[in-house]
Structures are given as structure tokens and as C-alpha cells.
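Let's take a walk through this model, from a single residue out to the packing of helices. Have the viewer open and follow along.

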Amino acid sequence: MATRSELNAMINRREFLSGAAAAGALALLAARGLADDAPQPAAPKPDSVIEGVRIGCITYSYRGGVNTAEYTLDCLLKDGLSETELMDGPIRSFAGITTPKRGAADTTPPLSDAEHAALRETQLAKCAQIRKMYNDAGVNIHIHKFPFGQSDEEIDFNFEVAKALGCKAITTERNDALAKKLAPFADKHEIWVAFHNHTTNFPTIDTIDPLMSIGDHIGFNLDIGHYVAGTKGKSPVPVIEKYHDKIISLHLKDRTADGKNLPWGQGETPIKEVLQLLKKEKWPIYADIELEYSIPKGSNPVAEVAKCVQYCRDALA
């Protein structure tokens, strides 16, 4: 039988062991807590400047999703894109910019000059926040596509939005009369207006295109797929060579001579040759993916844009 002194020793030993175990568990939990609180490595930023060619995406490609600046940025990051042409939807929703109503449809009491100026200031501050959000994530907004209003104030505001976002240019549909109206504003703000072509209003190759004589900041957003479809199969390479100093950006898509819009590599648009030309000449022309072919069943815009990005990487390898 154990003596009292032996029993006391056994009890003290048990207390010591249990205390040590508890202390060890607390230390382990504390270490885990410190590890959880430790700064986590930042996610790598995207880089879609491939062999010197600035590959981006017009955010129209993500249509059908949530039309917000945050959702659009998430799509760009998932596709590894560091350049974008930002459509007006995400800008409007984030900055609170509504489409002006005209005539009888406008029943809103007008703002005073001071109220209107304060509203514009707030909206531009929100645009600057978009720029910071995108830049902090590693994405450059090189162009926005925000329709021009009718008044001088609305036109000036559009250029101010471009400045707040950090844009080099604003894109809009080709309209030579509009180009003449916008040219003085573009020169004043030193922001380009790049006119987008479709299948019937592409830049001329045999003569100097009329847009070239309108203003120093009037240029092209050349859609190479529409050019192929509109010319029944001609290459856009000679157009790029002729007007490269006035082409701000390209829209990349794969169309055929008879007008089909197909997954990349299945059409007749010389995307690879165009990208190789930009690589060779080192021209500072943005090359923006525009997803317009039918999305296959079971896929989505983000997955399809990712395929286009990979096509560009392979073409420039």
C-alpha cells in the first residue's frame, strides 16, 4: 500500500502533467491564432502584356453577368488580363451616373448650377475610385466606352470621366459628323476619340480616310473581324500598316468572309498575323478581345475569354 507521502507525490505529478498538457494546448492554439493573423501573401497581379503586345478585353465580352465594376474586375482577374476597355454599365452603376432624359420624358426637377457641379464632382470622385480599385488589382483601364451626350457640358464630362479613370481614349461608333463635333474637345482634353468600325464603315485603304483630316486626337478603334467580313475576306494588315499612328486599339474576333462569327482559329481573320505585326513593329496599339461568337453549352464568357487569351499567348510565342 502506498504511503501518504507517496500518494501526495503521485497527485502532484498528475497535476503537473495535466497542467503541462493544458499549457501546451494553449500554446498550440496561440501559435495557430498568430499564424491566422499573420499577413497573407498578396495574390499575384495579372500580366497580359505578351511579348510587348498589350492584350486586353472590352468588357462587353462579359455581358449577361452582373453589370458592376466589382464583378467586371473579377472577370478580368480570372482571365489574367491587365488591360481593359471598360463599358459604361459598370461605370454608371458605381458612380451613380444616369442616362439623361430628354423632352417630355424628363419630369425630374432641374438641379441648380451649384447642385449640378457638386453632383459631377461626386461622380468623378467615384470614377477615380474605380481607377484605384482596378489599378490596385493590376488592371489598367486604357479606354472607356461611354456614349457622348448632346450638350457641351455632357461632352466635357465624358472626357473628365476618361481622365478620372486614367484612359488614353474614348471609343464610340463611327460617325464622321460626330468626329467633327468632338475634335475640339479631344484636343482640349488631350484624350483620343477612337471610332469603331463595323462591316460598312471601315477605314479606306486606297485613299486617305476622311477621319484623318478632322483632328489631332481623332483616330480608329479598328475591328479586324468586322473588316474581314465587310471586305469579303481582305486582310486588315495593310490598314494597320497605313494608319498605325492613328489606331489606338484593335478589337479582336474571328469572322469569315461571309460574315460568320466563330471561335478563334475557326474563322478567316488573321489574328496571329496581326499580333505578330504589333510585336515586330512595337506599335503601342491595344489589342482587345471582343467575345462575340456563340458561347458553347456548358461554358461561360469568362471561360471563353480565357481561351482567347491563350490563343494570343500561343500566337505571340
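When two residues are said to touch here, they have heavy atoms within 4.5 Å of each other. Keep in mind as well that this is a predicted model.

Start at Ile 248, which sits in strand 8, residues 247-252. Is Ile 248 buried or exposed? Its relative accessible area is 3%, and since buried means under 20%, Ile 248 counts as buried. So what surrounds it? Leaving aside residues up to four places away in sequence, Ile 248 touches Ile 143, Lys 168, Ala 169, Trp 192, Ala 194, Phe 220, Pro 284, Ile 285 and Tyr 286. For a sense of how the chain folds back here, take Val 193: Ile 248 and Val 193 are 55 residues apart in sequence, yet their C-alpha atoms are 8.8 Å apart in space.

Now jump to helix 2, residues 69-78. Its buried residues are Ala 69, Thr 72, Leu 73, Cys 75 and Leu 76. Look down the axis of helix 2 and you'll see these buried residues fall within an arc of 155°, so they line one face of the helix. What do they pack against? The partners of the buried residues of helix 2 are strand 2 (53-58), strand 3 (83-87), helix 3 (88-95), helix 4 and helix 10 (301-316). Just past the end of helix 2, Gly 80 takes a positive phi of about 70°.

One of those partners, helix 3, is worth a stop. The axes of helix 2 and helix 3 come within 8 Å and cross at roughly 135°, which makes helix 2 oblique to helix 3. On the helix 2 side the contact is made by Ala 69, Glu 70 and Thr 72, and on the helix 3 side by Pro 90, Ser 93 and Phe 94. Sorted by class, the contact of helix 2 with helix 3 has 3 nonpolar, 2 polar and 1 charged residues. At 18% relative accessibility, Asp 88 counts as buried, because the cut-off is under 20%. Not counting residues up to four places away in sequence, Asp 88 touches Lys 145, Phe 146 and Pro 147.

Next, helix 4 (residues 113-137) against helix 5 (residues 152-165): their axes are 8 Å apart and the packing angle is about 30°. Helix 4 and helix 5 are therefore roughly parallel to each other, and their crossing is right-handed. Helix 4 brings His 116, Arg 120, Gln 123, Leu 124, Cys 127, Ala 128, Ile 130 and Arg 131 to the contact, while helix 5 brings Glu 153, Glu 154, Phe 157, Glu 160, Val 161, Lys 163, Ala 164 and Leu 165. The residues of this contact of helix 4 with helix 5 divide into 8 nonpolar, 2 polar and 6 charged.

Finally, a look at the backbone. Most residues other than glycine have a negative phi. Which way do two glutamates go? Glu 51, in the loop between strand 1 (49-50) and strand 2, has a positive phi near 55°. Glu 190 has a positive phi too, of about 60°, although it is not a glycine. Glu 190 lies in the loop between helix 6 (176-189) and strand 6 (192-196), and with 61% relative accessibility Glu 190 counts as exposed.

Methods: Residues numbered from 1 in each chain as written. Predicted model: local features only at pLDDT ≥ 70, side-chain atom pairs only at ≥ 80, totals over all residues. Heavy atoms only, no water. Axes fitted to C-alpha atoms, helices over the stretch in contact; angles between N-to-C directions. Helix = DSSP H or I, 4+ residues; strand = E, 2+ residues; numbered from the N terminus. Parallel < 35°, antiparallel > 145°, perpendicular 65-115°, else oblique. Left-handed = near helix turned anticlockwise from the far one by under 90°. Nonpolar A, V, L, I, M, F, W, Y, C, P; charged D, E, K, R; others polar. Buried < 20%, exposed > 50% of the residue type's maximum accessible area, 1.4 Å probe, protein only. Arc of directions from axis to C-beta.
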